[in-house]
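We'll take a walk through it, one piece at a time.

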Amino acid sequence: MDAVSVQRVLFIGSLGRSGSTLIERLLNEFTDVAAVGETVHLWERGVRDNERCGCGEPFHRCPFWTRVGQLAFGGWSELDLDRAIDLRWSVDRSRRLPAMVHAHRRGAATGDQREYLDLIGSVLTAAGRVAHGDTGADVVVDSSKHLSSAALYSLNPRLDVRVLHLVRDPRGVAFSGTRAVDRPESSEASTMAEMPTYKPARTAGRWVTDNMGFTQLGRLDVRTMRLRHEDFLARPIESLADIATFAGLSAARLPRDVFDGTDGVLGTPMHSVAGNPMRFGGHHVTLRHDESWRTGLPLSQQRMVSAITAPARRFLGY
Ligand SMILES: [Zn+2]
């Protein structure tokens, strides 16, 4: 891979608690894939707060991220971190989506967008190279999840971004969102000891706007593949093969030896920054439907979530 070649990125787009970490961990087992977590949070939770990487090391002690910083910027200390954080909050957020749509129609990012995309492009390209030498990883998996990040990153001519849009039953997402989960990655510099929780009505509203937003990315010529979490659990091997093909990977590289369809042993460390605490989970994974919302979420709340999401739910097959 030379300096002007394009890094392929599989971007996982979804609402939180939609099963993205499981898929990210399984994809990371492919030999030509490097999963790097949620780069949207890299600057604050990684570079500034030194939270733990998915490999268990604090960010600045992780050999993977140390080398990414060297390759991208000559070391993280050489980066103007305040500027990076300012840029992120100035261009990569939902309220900036109209500016991204304009940029897609124009065919190019401008101003702050372009400056920020230079930083993100440097990080993702360096991550591919650190993972797999000068040839680079075929695919870097970024699980930033946000619709705004998907729309923004796909404006970067140095990146070939393909968006895997994951959807999960909104009642399951809403119930998961009410439950507190510890964040073992939190550091002294970080004040977030648990993942944030959300009221079901808020989750339901976000479920509609985010998921319907992802269905519109194709109109901006962003390549998108939609996968329902429930379908993935029903046909995991076939779904992984579909994702691999979509990402431009050879399905023959599917890690069948570590994963038999419902059970697997994951042997590859994942250098992911930020994300669901499941990324620290043990090496053993079992795939199963989580229907606990049927008994855990009060019936009145189930009905409310169902009502708020009704038209979008039908469109997405729920
Ligand atoms: Zn690491």
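What follows goes from the sheet to the metal site, then to a serine and a pair of helices.

A bit of housekeeping: this is a predicted model, where local features need pLDDT of at least 70, side-chain atom pairs count only at pLDDT 80 or more, and totals for chains, interfaces and linings use all residues. Residues are numbered from 1 along each chain as its sequence is written, and side-chain values use heavy atoms, with hydrogens and water left out.

Start with the open sheet: five strands in the order β2-β3-β1-β4-β5, paired in parallel. Strands here are DSSP E runs of at least two residues and helices are H or I runs of at least four, both numbered from the N terminus, while pairing takes at least two DSSP bridges between two strands. At the edges sit β2 (33-37) and β5 (223-228), each pairing on one side only. On average, neighbouring strands are turned by 25° against each other, direction ignored (axes are lines fitted to C-alpha atoms, for helices over the stretch in contact, and angles run from 0 to 180 degrees between N-to-C directions). Look at β4 (residues 159-167), which runs parallel to β5 and is joined to β5 by six bridges; L166 has L227 of β5 as its bridge partner.

Now the metal. Which atoms hold the zinc ion? The SG atoms of C53, C55 and C62 plus ND1 of H271 coordinate the zinc ion at 2.1 to 2.4 Å. Donors are N, O and S atoms within 2.8 Å of the metal (3.2 Å for Na, K and Ca), and since water is not among the atoms, sites may look incomplete. The donor angles of 97 to 116° make the arrangement tetrahedral, a label for four donors with all angles between 85 and 135 degrees. C62 is in the loop between α2 (42-48) and α3 (63-73) and H271 in the loop between β6 (263-265) and β7 (284-286), so this pair ties together parts 209 residues apart in sequence. C62 is buried at 0% relative accessible area, and H271 counts as buried at 18%, because the cut-off is under 20% (1.4 Å probe, protein chains only).

S149, in helix α7 (residues 147-153), is buried too, at 0%. Leaving out residues up to four places away in sequence, S149 touches F11, V40, D92 and S144; contact means heavy atoms within 4.5 Å.

Finally, α9 (residues 200-215) and α13 (residues 299-315) pack at about 5°, axes 9 Å apart. The two helices are therefore roughly parallel, the term for angles under 35 degrees. Among the contact residues are W207 of α9 and F315 of α13.

Conventions: Four donors count as tetrahedral if all angles lie between 85 and 135 degrees; four count as square planar and six as octahedral if opposite donors are over 155 degrees apart and all others between 65 and 115; anything else is irregular. Buried means under 20% relative accessible area, exposed over 50%, partly exposed in between (1.4 Å probe, protein chains only). Angles under 35 degrees count as roughly parallel, over 145 as roughly antiparallel, 65 to 115 as roughly perpendicular and the rest as oblique.
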